[in-house]
Amino acid sequence: MARYCSYCGKPGHNRRTCPHRSEEQKQVDKTWHMKPGPRSGQKSICSYCGEEGHNRRTCWHLKHRISRAEGFVENAVSFALSQYSNNGLGPGALYEVTDRWYDSKATYLVTDGVSLTYNETWLPGESGFDDDFQRVPTLSFTVMGNKVFGDRTVSRDIGPTVDIKLDLENKVVVSHTDRLRSFMLASEGSTIVGKAHSKFSEELEQRLRDWAYREIREFFGNKQNSHPLFGEYDHLNAIRAEADAAQERMK
């Protein structure tokens, strides 16, 4: 059975050996079929920070940001839970949710049901200018409530969320409690009918810490996530120099 060329359609040869293709077209085909990754004689480019000479697996900036994110987990978990307790949404609190659309409502009991997610969000820089923002580690906590009575069909309610962000100095945990405040003011169809300032259990705190570490590993393990200063070599070098200087001062 004769083979046919995919370029000219004539029998007896293939596209690679086709006499009707110009040298320019052959070069285009070579480039098209080239596999991704470093070429012979060329430096590799890191997919996380954009610098040359290393890859994502050995990237200093990736390891630095992972360490930075994991370093604030302990404070973030305890701080978030204290925000709920201080506002009367500790274990044992009761709140009522009204669905005006469905003309139904129910009362929920706060237990040890708290969930979290990790992401990187924007925080204004020190200069105060509109274009001066930095992407910082953020843990978002959400308190959950179990229905105790009422005709609302939702048996497990998602309560208010508290965002905990690591500040630019890597020291203070910054809390964003807009949704918690609006919840307390009953502006979202919710009303607290019984406050409880009790603390959450130590078992829950440990469970949330383990959960946070898993979320961080999954976030940075996603190759779609890159450094917020990707390719900005001067800024990246400054970050590394500052970290090296801080390490020297600690010796």
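Helix α2 passes helix α5 in a right-handed crossing, that is, with the near helix turned clockwise from the far one by less than a right angle. The model is predicted, and local features need pLDDT of at least 70, side-chain atom pairs count only at pLDDT 80 or more, and totals for chains, interfaces and linings use all residues. Residues are numbered from 1 along each chain as its sequence is written, and side-chain values use heavy atoms, with hydrogens and water left out.

Helix α2 covers residues 60-71 and helix α5 residues 202-221; their axes come within 10 Å and cross at roughly 160°. Axes are lines fitted to C-alpha atoms, for helices over the stretch in contact, and angles run from 0 to 180 degrees between N-to-C directions. The two helices are therefore roughly antiparallel, a term for angles over 145 degrees. Leu62, Arg65, Ile66, Ala69 and Glu70 in α2 meet Tyr213, Ile216, Arg217 and Phe220 in α5, where contact means heavy atoms within 4.5 Å.

Two strand residues follow. Thr142 lies in strand β3 (residues 133-150), a strand being a DSSP run of E of at least two residues and a helix one of H or I of at least four, numbered from the N terminus. Thr142 counts as buried at 11% relative accessibility, the limit being under 20% relative accessible area with a 1.4 Å probe and protein chains only. Its side chain makes a polar contact of 2.9 Å with the side chain of Thr161.

Asp163 belongs to strand β4 (residues 156-166) and is buried, with a relative accessible area of 13%. The side chain of Asp163 makes polar contacts with the side chains of Ser140 (2.6 Å) and Arg179 (2.7 Å). A polar contact is a pair of N or O atoms within 3.5 Å; within protein, one must be able to donate a hydrogen and the other to accept it, and residues adjacent in sequence count only if both atoms are side-chain atoms.

Notes:
Parallel < 35°, antiparallel > 145°, perpendicular 65-115°, else oblique. Buried < 20%, exposed > 50% of the residue type's maximum accessible area, 1.4 Å probe, protein only.
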